[in-house]
Amino acid sequence: MSIIFLLIFFLFLQSSSSSLPPEPEPQPPNAPTVCIVGAGIGGSSVSHFLRTYSPNPIPNFNIRIFERNRFVGGRMATVNVTGHTFEAGASILHPKNFHALSYTKLLNLTVNDPSSSSSSIGIWDGKKFVFKTLSFNCKLPFVQKLVSLFNSVRIFFRYGFSILRMESFVENTVGRFLKYYESLESRPIFETVDSMLQWAGLYNLTTSTLESELADAGLSSLLIQELVTVITRINYGQSVSMSGLAGAVSLAGSGGGLWSIKGGNWQMAAGLINRSDVALNLHEEIESISFLGEHYELNSTLGHSYICEVAVVATPLDELNIQFIPPVSIPKRKLQHTHTTFVRGLLNPVYFGLNVASKIPELVGTIENPDIPFSSISVLKQHSETDKTYKVFSRQPMDDALLDRIFSVRSETIRINWGAYPHYSAPEVFAPFILDGRQLYYVNAFENAASTMETSAVAAENIARLILSRFFGQVPLSQAKSTYGSDGEGLHADL
Ligand SMILES: Cc1cc2nc3c(=O)[nH]c(=O)nc-3n(C[C@H](O)[C@H](O)[C@H](O)COP(=O)(O)OP(=O)(O)OC[C@H]3O[C@@H](n4cnc5c(N)ncnc54)[C@H](O)[C@@H]3O)c2cc1C
């Protein structure tokens, strides 16, 4: 029942740093090249696993990563609000995100400890808070435990045994996902997303909605319409009509032990790239990928051409104009746009029908009601009783007039419009991992299952194994080959 209290950790604060990455090692002159488009967690993980699993002790292929931004990380990015740095995109990791955990160790990164769970949450229906937990600002562990116990009892009174059924639904799904960490010897290399999901027993969850999966699991409609809806709206900006697997992942992202990387999650991508002997072309956008018989030609908006024996797309193609010659066919997919608005100031108690701002919960979650103009509002940092930094998630942009109704004080506002993740719709139809039947791969085909840093890493690992076996005819080794230490400095800037 720690779920509700730890929801707040979804919205985390981070910081950043800068200097230049080391030059890549010289490569053998005629060695084949693997080109990767995108330097997020997906692209950087492909390079990491290619190097880690390659049985050849001396690199016998080149890796080149293209990134259209001036910095790496993609949807792992930070934002600076009045001198304080916060995660702007992907914020929290699950305790069983084992690739992210191993990256953290490998790269000597520091983990932000989950903070105490005394933050309050309220469920707003547009007119009133239908449910609120207690918050008590006291550092004494005994008092915190009492408050936590009191809140657990309140949750139980409202939702009954459905809460336990929800936890077991999530545990069951997470348990199946853990199959993707089994040894390479016992784990197949998957040529399609469908086969990868079927092997782990997760495919069926992508064929129906979260709502119907949870109803089948015996959850009450009150729990589904309130707490579950709050969670899916925060984590994916979507309702319980989203597909079941992504919905289950979203629920897992509201449990206990959530963590993040001190200084910003983007450091995972930066560190992996720095230690994978990669040529990194920053601020260079790929506009076309042509198959020329024996290799691919990648053309960038800078007018440069690159010859690559293997090409990997590690970014969602849905809103991009990369031209493929010959054309490739992928199912149409809409991205869910999440507008993230950072506000320094103070919420207006009148908007919430209250007389003082201190009575507004630290995390305001919302149910599905078209009249509510935001999905959630959470406190990222309390500078004083009357001065806080908030993160607002919404499906539509928050204009000044609207913000002026919700906030009584607003000294700084920063808006980011993310093409955030797929708009999940059951039954999901998956794009191919191998786009052309040859050596053109697509990591983000897996995003229709669920979009997280870890699922990108899991998909990337499979793509690296596909490349090693299909192009190089190599059996990937399960041992990591080298030691790490890079922190990825210089590859990042705040949004
Ligand atoms: C607001 C928000 C909150 C989220 N919260 C969480 C969370 O708490 N936990 C979690 O695990 N996940 C979360 N996610 C999801 C997570 O961010 C993504 O699933 C994950 O980061 C995807 O990584 P990726 O490498 O596959 O794609 P991306 O991070 O999108 O990387 C793709 C890269 O490719 C580059 N690129 C695109 N086109 C080109 C081109 N033509 N040429 C060169 N480069 C190109 C892009 O600039 C980008 O850097 C969140 C996402 C958002 C937006």
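The exercises below, each with a worked solution, concern a predicted model of one protein chain.

Residues are numbered from 1 along each chain as its sequence is written. Because the model is predicted, local features need pLDDT of at least 70 and side-chain atom pairs count only at pLDDT 80 or more, while totals for chains, interfaces and linings use all residues.

**Exercise 1. Confidence and overall content**

State the mean pLDDT of the protein, and find where pLDDT stays under 50.

Step 1. pLDDT is the predictor's confidence in each residue, from 0 to 100. Its mean over the protein is 90, and 87% of the residues reach 70 or more.

Step 2. Residues 1-24 stay under 50, and so do residues 480-488. Two residues are in contact if their C-beta atoms, placed from the backbone, lie within 7 Å. Beyond four places in sequence, the model has 88 contacts for residues 1-24 and 20 for residues 480-488.

Step 3. Helices (H or I, at least four residues) and strands (E, at least two) are DSSP runs, numbered from the N terminus. The protein has 12 helices and 20 strands.

Step 4. A residue is buried if 20 or more other C-beta atoms lie within 10 Å of its own, exposed if 12 or fewer, and partly exposed in between. Of the 495 residues, 48% count as buried.

**Exercise 2. The largest nonpolar core**

Identify the residues that touch the most other members of the largest nonpolar core, and list the contacts of Val312.

Step 1. A nonpolar core is a set of buried Ala, Val, Leu, Ile, Met, Phe, Trp, Tyr and Cys residues joined through C-beta atoms within 7 Å.

Step 2. The largest core has 129 residues, and those touching the most other members are Val34, Val46, Ala269, Val312, Tyr441, Val443 and Ile463. Helix α12 (residues 453-470) gives the most to this core, with 10 residues.

Step 3. Beyond its neighbours within four places in sequence, Val312 contacts Val34, Cys35, Ile36, Val37, Val46, Tyr441, Val443 and Ile463.

**Exercise 3. The seven-stranded sheet**

Give the strand order of the open sheet of seven strands, and name the helix that packs on the sheet.

Step 1. Two strands pair if DSSP finds at least two bridges between them. The order is β7-β6-β16-β17-β18-β15-β19, with mixed pairing.

Step 2. At the edges stand β7 (129-132) and β19 (407-422), each pairing on one side only. From one strand to the next the twist averages 20°.

Step 3. Axes are lines fitted to C-alpha atoms, for helices over the stretch in contact, and angles run from 0 to 180 degrees between N-to-C directions. Helix α8 (residues 221-236) packs on the sheet, and its direction makes about 105° with that of β16 (363-366). Among the strands that α8 touches are β6, β7 and β15.

Step 4. β6 (residues 121-124) and β7 pair in the antiparallel sense over three bridges. Opposite Gly122 stands Lys132 in β7.

**Exercise 4. Helix α3**

Show how the buried residues of α3 are placed around its axis.

Step 1. In α3 (residues 98-106), the buried residues are His99, Ala100, Tyr103, Thr104 and Leu106.

Step 2. The arc is that of the directions from the helix axis to the C-beta atoms. The buried residues of α3 fall within an arc of 165°, so they line one face of the helix.

Step 3. These residues pack against α2 (41-53), β5 (111-112), β8 (260-261), α10 (267-274) and α12.

Step 4. Just after α3, Asn108 takes a positive phi of about 55°.

**Exercise 5. Backbone details in loops**

Locate the cis peptide bond at Pro326, the one at Pro427, and the loop that holds Asp277.

Step 1. The Ile325 to Pro326 bond is cis, with omega near -10°; Pro326 lies in the loop between β14 (323-325) and β15.

Step 2. The bond joining Ala426 and Pro427 is cis, with omega about -5°; Pro427 is in the loop between β19 and β20 (440-442).

Step 3. Asp277, in the loop between α10 and β9 (279-282), has a positive phi near 55°. With 19 C-beta neighbours inside 10 Å, Asp277 is partly exposed.
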